[in-house]
Amino acid sequence: MNIRAQVSSVFHLDKCIGCHTCSIACKNLWTDRKGAEYMWWNNVETKPGTGYPTQWEDQEKYKGGWVKQGEQLQLRIGGRWGTLGKIFHNPSMPTMDDYYEPFTFRYGDLTSAPAGNDQPTARPVSMVSGKPMKIEAGPNWDDDLSGSKIYAANDPGVVKLSAEEQQQLFAIEKMVMFHMPRICNHCLNAGCVASCPSGAIYKRGEDGIVLISQDKCRGWRMCVSACPYKKTYYGWSTGKSEKCILCYPRQEAGEAPACFHSCVGRIRYLGVLLYDADQIESVAMQDDKDLAAAQRDIILDPFDPQVIEDAKKSGVADQVIESAQRSPVYKFVKEWGLALPLHPEFRTLPMLFYVPPLLPVMSMNNQGKQKLADDFFSTLEQARLPMQYLASLFAGGNEEEVKAVYRKLIAVRIQRRSATVGDIPAEEVTKACTVAQLDTEAVDAIYRRTTLTRIKERIVVPPMLREQAIEAGMDPEQHKQEMGFGSRRPPKRRW
Amino acid sequence: MTDMILFGVFPYVAVALMIGVGIYRYFVDRYSWSSQSSQFLESRVLFWGSVPWHYAILIILMAHFLAFLIPSGWAVVVGSPLRLYLLEVTGLALGISTLIAVALLIFRRIGNARVSAVTTVVDWLVLLALLLQVATGVYIAFTLRWGSVWYLHTATPWLWSLFKLDPQVHYLAALPAVVKLHAFNAFLILALFPFSRLVHVVSVPLTYLSRPYQVVVWYRQRRTG
Ligand code: HEM
Ligand code: SF4
Ligand code: SF4
């Protein structure tokens, strides 16, 4: 046993209102710099939709993640020699056109234009070349554009569906969408780490946060391809790749990461999971359909005395074990089995889990009015979002995994309806709980964790090394745009 | 006298700069050590520039080094007319590839607005110096045949004399100006090396072939057992 601690997260998609506050919080803190404008370490996409960068899920195109080669795992971009051989030009590297060209407007023209008959306008200019440009894409270009023939119809998950399922999705009165916020998953079997020729990317032993050493990165830009989630970004001005740092400086000061802290829908949960690092490879080798379950199995019960003993032997601090026992992520993922990894078939063992959204699935169109379906369980089959679509997102195509989650979510709804409105008889509630394999206590606990939690219950930051604070008296404004990489110099190109 | 300055003194200046500034930059500003890839901004032309450029220049450089380091072995290789012929033809073909490739890289930096926006003065100096180097190289290969042989009696002893701190510039004295330009420009590129993206050449990531895929770093000593 080689037990390690991992700071992990759960995003509860039913609660996301798609406000993008998380993205802005992150942008203001970390990526408001030249060369980083286009980096959205946190982004919120509309599903079905093409996502950011466009069609990032299409690994035929971007070659992210791992593939099984007989008895071994290999990066999809190639073996070690293959990767080095492609170092002079990386054929699967996305370019700026797959994201968007960052732009601003010539606001000065509004005040400096000479008097005339026309209103002065602020023309858009490229933040790369400074030249006037036509804006053709942006960070959230297909926001809420579900049902679109350009965007949603080109979602790699939708393309895979049968014609019938696609029709089900796009029938005009059935049009459906949900929001999916994404950050780096701080994977256990990270593709970015494995692909870096310099070995600049690493996982922090104490908390599992994946970071890129800015001093070691040489701009070989292999990680951009190898991350199947496209969560490493190449800094086109600095010549260094950057990624989400899970706000480790904030966590080291005991604070929630910025996107978690600012989340309006309170959809984000954070906490420590204990896992056995010796199992990583064997889990990553499972068949697609078994991956979600295998990933649950690698997570250990922090209350089990044997696990506690082994964890101590492996050097996990007592306070971290104690923190793992309070982890809401453990509850959602393992105890209740409500949260699933995004695209486990990429085999990086992502450590961000999603509670799939219930509402777009269950709500039905009834003579022009949206209402919840009456006969809850049978409707799963005729759900507005095909189960296969959800299964291809969260369970490597295994519909049973997603259905099991939905049965639980539905049981919670039935129980709450019965308790608050009182129009559902008690035996119906018991029946729902039995089908969902939940006891009434768990149902109540899920309800409370989902709706009534305070920040300290949603976000349980383990005790971490505190970074030296900025000395009192320093003007933070003066040092804006410099922090976050342990750089003693501003992250700019100098040579 | 000019020869002495260009080929007896300047090489030491260039190498001193390369090592001195290189070490300074590596230890004081390692953040700046990067290939400065611009593929993110433009990928298609880069492919036709970067791939032939790198494969060809690496082989050509290797040949220059081998003929300098093990001249006796090299002499054996070029001893047979057939081998010499093959070598010269291959060298010329590779040389022409680098010339076309570097021309493409230059046009790309002029023609693409995004790439030209991230191009610095030093980037230009490097590309122009490399263009001059491969252009003179190809010209020499065309007009002064059998360079793989006469290199052994001119460049090799000159480079060794530099190495032994006893510069003998007379080995180059009788050579045409274009060869002298090629030799001087080679050291100019070395002098540019520490100030430019060329530093990426010494960071060839060969350790990638043997390191474990996953890297875990512990901030505190891991207390186990
Ligand atoms: C095995 C050693 C080498 C490796 C791994 C390597 C790798 C790279 C990489 C990754 C780039 C960035 C390409 C991009 O824009 O995406 C690059 C650019 C470049 N390399 Fe190398 N290189 C090597 C050797 C050399 C040598 C020996 C030279 C010349 C003497 C050289 C000259 C250049 C130049 C001039 C560029 C800039 C091209 C441009 O963007 O205009 N490289 N190299
Ligand atoms: S999601 Fe994060 S940890 Fe996983 S491969 Fe991508 S960048 Fe690396
Ligand atoms: S802040 Fe929260 S609710 Fe708003 S988009 Fe982000 S994850 Fe969704």
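Start with the charges of chain B. Select its Lys and Arg side chains, which count as positive, then Asp and Glu, which count as negative; His and the chain ends are left out. Chain B carries 15 positive and 6 negative side chains, and the centres of the two sets lie 15 Å apart. Each charge is placed at NZ of Lys, CZ of Arg, CG of Asp or CD of Glu.

This is a predicted model: local features need pLDDT of at least 70, side-chain atom pairs count only at pLDDT 80 or more, and totals for chains, interfaces and linings use all residues. Residues are numbered from 1 along each chain as its sequence is written, chains are lettered from A and ligands numbered from 1 in the order in which they are written, and side-chain values use heavy atoms, without hydrogens and water.

Now show chain B as a cartoon. Its secondary structure comes to 10 helices and 1 strand. Helices (H or I, at least four residues) and strands (E, at least two) are DSSP runs, numbered from the N terminus. The order from that end is α-α-α-α-α-α-α-α-α-α-β. The C-alpha trace of chain B spans about 65 × 45 × 40 Å along its principal axes. Of the 225 residues in chain B, 45% are buried. Buried means under 20% relative accessible area, exposed over 50%, and partly exposed in between (1.4 Å probe, protein chains only).

Next, select ligand 1 and zoom to its iron atom. Which protein atoms are its donors? They are B:His54 (NE2) and B:His200 (NE2), at 1.9 to 2.0 Å from the iron. Donors are N, O and S atoms within 2.8 Å of the metal (3.2 Å for Na, K and Ca); water is not among the atoms, so sites may look incomplete. B:His54 sits in helix 2 (residues 44-69), B:His200 in the loop between helix 10 (177-192) and strand 1 (216-217), 146 residues apart. Both histidines are buried.

Jump to A:Cys22, in helix 1 (residues 21-30) of chain A. Is A:Cys22 buried or exposed? It counts as buried because its relative accessibility is 7%. Beyond its neighbours within four places in sequence, A:Cys22 is in contact (heavy atoms within 4.5 Å) with A:Asn42, A:Val44, A:Cys259, A:Ser262 and A:Arg268.

Finish at B:Leu165. Find it in the loop between helix 8 (155-163) and helix 9 (170-173) of chain B. B:Leu165 counts as exposed, at 66% relative accessibility. Draw a C-alpha to C-alpha distance to B:Tyr139: 31 Å in space, 26 residues in sequence.
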